[in-house]
Amino acid sequence: MEILKNYNLLKLNTFGISVQAKFFVEVKSEKDLEELFNLSEFKNNKKMFLGGGSNILFTKDFDGIVILNKLKGIDITEEDSENVYIRAMGGEYWNDLVMFSVDRGYWGIENLTLIPGTVGAAPIENIGAYGVELADVLESVEAYRILNKEKTVFKKEECEFSYHDSVFKNKFKGEYFIFAITLKLSKISMKNINYRGFSEYVEKNKIGLNSSKDISNAIAFMRKTKLPDPAVLGNVGSFFRNVFLEKEKIQTLLETYPDMPHYQEGGITKIPAAWLIEQRGWKGKKVGNVGVHEKHALVLVNYGGATGLEILELANKIIISVKEKFGVDLVPEVNLI
């Protein structure tokens with residue numbers, strides 16, 4: 001294990017922002033972790049654990065140590081006639097885990113196809129798409145507490161999952177290094193194709209969905225047509241969260257904007273943030289080196305050579321303009337550094 005100094009993180013964040021880390025190291029085993037915890041560079045500096053870099057915006061150099069999670073391995077730990085338990089290490093790419101699942105005919109995470117990032121980052125964000133969340137299938141999270149190097153296993157209920165949220169993102173932010181998760185998947189069909197955008201796409205194109213692999217392939221095609229490839233155009237997918245409002249606020253908005261799309265989720269109404277942004281004329285707009293993608297208003301992009309501050313400035317302008325018109329607050333999905 002080698003500690004590198006003044007390491008450029010350009011290729012380790014999907015926005016493609018050129019920033020330096022004071023120290024940088026790759027962790028490839030639990031032995032590496034134990035060694036790292038005892039090094040002065042780790043003990044005496046700010047710390048950042050990095051996975052796929054797909055949910056982060058660097059606005060400046062990082063004056064500390066960046067630890068890249070490279071722990072690998074996907075294994076079936078237990079199974080019966082109906083269920084299978086899969087343990088995946090945190091450095092695996094999330095989509096590789098999805099492919100491991102659907103290639104074997106398992107059900108549960110096929111709707112989460114092509115979500116960027118690593119397995120270790122998935123519980124932090126409680127990743128979700130097309131009507132499915134990680135919380136639906138997660139059994140446990142294995143993590144080291146950085147303060148005392150103690151290994152802890154979090155059961156699902158201890159993760160306090162909610163919409164794109166968890167204890168690892170808030171209450172315990174920066175306190176744990178997630179090195180593995182275990183999922184409980186089904187061998188029996190648990191087809192979930194009711195998400196409005198997906199069901200309309202399937203019906204329109206008369207797509208047969210007989211297996212989890214069929215669903216995965218359809219979602220992969222949808223995502224590729226709607227979202228830009230970060231390798232070509234720097235982005236982190238959806239930059240903003242959708243907006244959730246109480247009934248009274250929704251009714252007030254609908255009186256002024258009767259065509260505003262809204263959906264019920266758990267007693268609270270969701271408004272697509274993309275619609276709000278489109279109404280303010282941002283979709284497809286370019287400002288210098290940055291802009292809003294022409295096919296998806298939630299996606300901010302780096303057209304090349306942009307700084308994190310340029311992207312943040314654009315995001316703030318969008319937030320202000322939506323607030324001025326609708327009186328609601330857009331909240332960034334991405335972690336701002």
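Visitor: Is Phe37 buried or exposed?
Guide: This is a predicted model. The relative accessible area of Phe37 is 4%. The cut-off for buried is under 20%. Phe37 is therefore buried.

Visitor: Which residues of helix 1 are buried?
Guide: Helix 1 covers residues 30-37. Phe37 is on its buried list.

Visitor: What do the buried residues of helix 1 pack against?
Guide: One partner is a helix, helix 2 (40-43). The others are strands. Those are strand 2 (20-27), strand 5 (62-69), strand 10 (138-145) and strand 12 (176-186).

Visitor: Which residues do ring pairs link into a cluster with Phe37?
Guide: Phe42 is one of them. Phe42 is buried, at 3% relative accessibility. The cluster joins Phe37 to Phe42, Tyr144 and Phe179.

Visitor: Why is strand 7 described as largely enclosed by the rest of the structure?
Guide: Strand 7 spans residues 83-89. The reason lies in its burial count, so look at its seven residues. Those buried number six of the seven.

Visitor: Which residue of strand 7 stands opposite Ile76?
Guide: Strand 6 (residues 74-79) and strand 7 pair in the antiparallel sense over five bridges. They form a hairpin, with three residues between them. Opposite Ile76 stands Ile86.

Visitor: In strand 12, what is the bridge partner of Arg87?
Guide: Strand 7 and strand 12 run antiparallel. Seven bridges join them. The partner of Arg87 is Thr182.

Visitor: How far apart are the end C-alpha atoms of helix 9?
Guide: Helix 9 has 19 residues, 308-326. At 1.5 Å a residue, it should span 27 Å. The model agrees with that expectation: the end C-alpha atoms are apart by 27 Å.

Visitor: The charged end of which residue sits over the ring of Phe326?
Guide: Phe326 is among the buried residues of helix 9. The charged end lies 5.8 Å from the ring centre. The residue is Lys325.

Terms used. Residues numbered from 1 in each chain as written. Predicted model: local features only at pLDDT ≥ 70, side-chain atom pairs only at ≥ 80, totals over all residues. Heavy atoms only, no water. Helix = DSSP H or I, 4+ residues; strand = E, 2+ residues; numbered from the N terminus. Expected span 1.5 Å × (residues − 1). Buried < 20%, exposed > 50% of the residue type's maximum accessible area, 1.4 Å probe, protein only. Contact = heavy atoms within 4.5 Å. Phe/Tyr/Trp six-rings, centres within 6.5 Å; stacked < 30°, edge-to-face > 60°. Lys NZ or Arg CZ within 6 Å of the ring centre and 35° of its normal. Pairing = 2+ DSSP bridges.
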